[in-house]
Amino acid sequence: MIARMSERGAQGSEGAWRRVGRHGRRVAVWVWAIALFVMWPAPTALAVPVVGAGTAKASETKKPDAARTRARALRRARHKALDVALKQVPGRVDPAARKAVRKAAEAWTGAYRVLSETHEGEQVRIEVEVEVDLVRLTKRVQVRDSGGGIPMFRLGDVSVAAGCGEAPAVEEVVRSELSGQGAVTLEGGNKAPTLDVTLGCDALGAVRHTYLHAAFVQISATADGATVAQLHAPAFGTAPSQAVAAGVQGALSDLAEALAAHRRGHVRVRVRSPMPSARIRRLETAMRNSVLGVSAVEVGAIERGIVELHVRGSLSPRALGKKLEALSLPGFSLAIVAVERPDVLTVVLE
């Protein structure tokens, strides 16, 4: 599906492949692995094909140029396809989020193919088919629940590697995307921990026997010297810059989702030895009814041998731990295992 997308043939792909550098063999294996993964049938499609058309006239510029006119028509066609995809998003759409997505159309429409192209006089019309990740797009633009709380972190330094593009522009994308998705605040005050973000990008070259270029983006976020999140995102586009832009967008979306679990006034209590399950219900009730500073408790995740409770209120993990140690529980006791910054408290039921 995605392998057939391009406005160009495979001409020049071998030359781009040879320019990968001294790590060529390792990169070749990686790119082939990515290509096989993308082309392998998946049980659930992550992307949907959408069609859009755009027109441009040579007279729109003071110095008419055929290449610029065609590029303008292609850009408008990709924007039109993105608008079609936005109309498929269920529920209410946040106008500010929609505006941000349209501004970053290159990242959302990096993989496309030209369906038709016509030249009539000074006018160029191009129709394209674009693969848009509708799941990711929905997460980005849907109106969020206002009860999600305040972001824990204030965004600090943003470091962008040379391969990601022009640093000032990419830094602005990082700031607008993370703040726009409610993952960080830009004005958190002195009490909010500072989160530093580092972004690295590698253009891996053309993928042989396809019309795509591959990119690999790594992103990490640290606060007070500790790693809060470290993620990576492979991506594809019809040109290296488009593959990198798509990778940056994907990495930022994943980082925003990871940071959404960290909110001010929220503590994640990881409970070891939770069985029998009645213990968890009794602990929830005791925290809600007997711990001053706790306003709500709910089960947030269940893992092998661990239940994670999300506790809302005004207590820090350390303060909550002290209160839990003094709590009287029917038929069992609680001990603190660890307090991990910024918001995790691990306990064991005995």
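The following legends describe close-up views of a predicted model.

**View 1. The five-stranded sheet.**
This view presents an open sheet of five strands with mixed pairing, in the order β9-β10-β8-β12-β11. Strands of a sheet pair through backbone hydrogen bonds, either parallel or antiparallel. The edges are formed by β9 (294-303) and β11 (334-340); each has a single partner strand, so one side of each is left without a neighbour in the sheet. On average, neighbouring strands of this sheet are turned by 25 degrees against each other, direction ignored.

**View 2. The pairing of β11 with β12.**
Strand β11 is joined by six bridges to β12 (residues 344-349), and the two strands run antiparallel. Within this pair, A335 stands opposite V348 in β12.

**View 3. The helices on the sheet.**
Helix α9 (residues 278-290) packs on the sheet and touches β8 (266-272), β9, β10 (306-313), β11 and β12. The direction of α9 makes about 155 degrees with that of β9. Helix α10 (residues 317-325) also packs on the sheet, touching β8, β9, β10, β11 and β12. For α10, the angle is given against β11, with which its direction makes about 175 degrees.

**View 4. The second largest cavity.**
Rolling a probe the size of a water molecule over the atoms shows where empty space is left. By residue type, the lining of the second largest cavity divides into five nonpolar, four polar and one charged.

**View 5. The second largest pocket.**
The second largest pocket has a volume of about 950 Å³. It is lined by 40 residues, of which K103, A104, E106, A107 and V173 are the closest to its centre. Two or more lining residues come from each of α3 (66-87), α4 (95-103), α5 (105-108), α7 (167-180), β5 (194-206) and α8 (240-259). Helix α7 gives the most to the lining of the second largest pocket, with eight residues. The lining of this pocket comprises 18 nonpolar, ten polar and twelve charged residues.

**View 6. The disulfide between C164 and C201.**
One disulfide is found in a search of the whole structure. This disulfide joins C164 to C201, with an S to S distance of 2.0 Å. The torsion about the S-S bond of C164 and C201 is about 100 degrees, and the disulfide is therefore right-handed. Because C164 lies in the loop between β4 (154-160) and α7 while C201 lies in strand β5, the pair ties together parts that are 37 residues apart in sequence.

**View 7. The cis peptide bond at P276.**
M275 and P276 are joined by a cis peptide bond, for which omega is about -5 degrees. P276 is placed in the loop between β8 and α9.

**View 8. The backbone at H209.**
Although H209 is not a glycine, this residue has a positive phi of about 65 degrees. H209 is located in the loop between β5 and β6 (213-223).

Notes. Residues are numbered from 1 along each chain as its sequence is written. This is a predicted model: local features need pLDDT of at least 70, side-chain atom pairs count only at pLDDT 80 or more; totals for chains, interfaces and linings use all residues. Side-chain values use heavy atoms; hydrogens and water are left out. Two strands pair if DSSP finds at least two bridges between them. Helices (H or I, at least four residues) and strands (E, at least two) are DSSP runs, numbered from the N terminus. Axes are lines fitted to C-alpha atoms, for helices over the stretch in contact, and angles run from 0 to 180 degrees between N-to-C directions. Contact means heavy atoms within 4.5 Å. On a 1 Å grid over the protein atoms alone, a cavity is a set of points where a 1.4 Å probe fits but cannot get out, and a pocket is an open set with protein on both sides within 12 Å along at least five of seven lines; lining residues have an atom within 4 Å of a point. Grid points are joined across faces, edges and corners, and a volume is the space filled by probe spheres set on the points. Ala, Val, Leu, Ile, Met, Phe, Trp, Tyr, Cys and Pro count as nonpolar, Asp, Glu, Lys and Arg as charged, and the others, Gly among them, as polar. A disulfide is a pair of cysteine sulfur atoms within 2.5 Å.
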